[in-house]
Amino acid sequence: MATNNTASGIPVAGFTIASTPRVFDRDRSEFTDGQPLFLRCSLWRQAGENAAQSLSKGMRVIVTGRLRQRTFDDREGQRRTTVEIDAEDVAVSLTYATATIARTYRTGVPSQSGPAPTAGPSPGPAQPSPGPIPAEPYPF
């Protein structure tokens, strides 16, 4: 994932998430995947830069934010409407992965003395989950 800057220099990370419902098929006694829903997300400023440095395609993530409906004209001149997420926060799901936290500070804000606090031994870098959650750069 990468960040881009708006004309006024504000960083934004754009990515796609997939939500795939799983339903239990009683006849076959197994779970099956339903139709996936793909949603574009935008994450702004420092949070977007942090996400671009921390996340990669295939990672299982949790996104909070606001749904936004947008209307535009496509290349053929057809009027289209899309629903996107204006993300407020993105986190790695710890259901199938572990994570190591590295605290970041805004430019111009004095850092605390000493190392950042940790929550126990470092388990190593986060591993991609087996779930089908694509995350790709936002094409500006």
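The model is predicted, with local features needing pLDDT of at least 70 and side-chain atom pairs counting only at pLDDT 80 or more, while totals for chains, interfaces and linings use all residues. Residues are numbered from 1 along each chain as its sequence is written, and side-chain values use heavy atoms, with hydrogens and water left out.

Phi of Ser29 is near 55°, a positive value in a residue other than glycine. I noted that most residues other than glycine have a negative phi. Ser29 counts as exposed because its relative accessibility is 55% (buried is under 20% relative accessible area, exposed over 50%, partly exposed in between, with a 1.4 Å probe and protein chains only).

Arg45, in helix 1 (residues 45-54), also has a positive phi, near 60°, and with a relative accessible area of 49% it is partly exposed.

I then turned to the sheet, where five strands in the order 1-2-5-7-6 form an open, mixed arrangement, two strands pairing if DSSP finds at least two bridges between them. Strand 1 (3-5) and strand 6 (61-73) each have a single partner strand, so one side of each lacks a neighbour in the sheet.

Strand 5 (residues 37-44) and strand 7 (residues 79-92) pair in the parallel sense over three bridges, and Cys41 stands opposite Ile85 in strand 7.

Key: Helix = DSSP H or I, 4+ residues; strand = E, 2+ residues; numbered from the N terminus.
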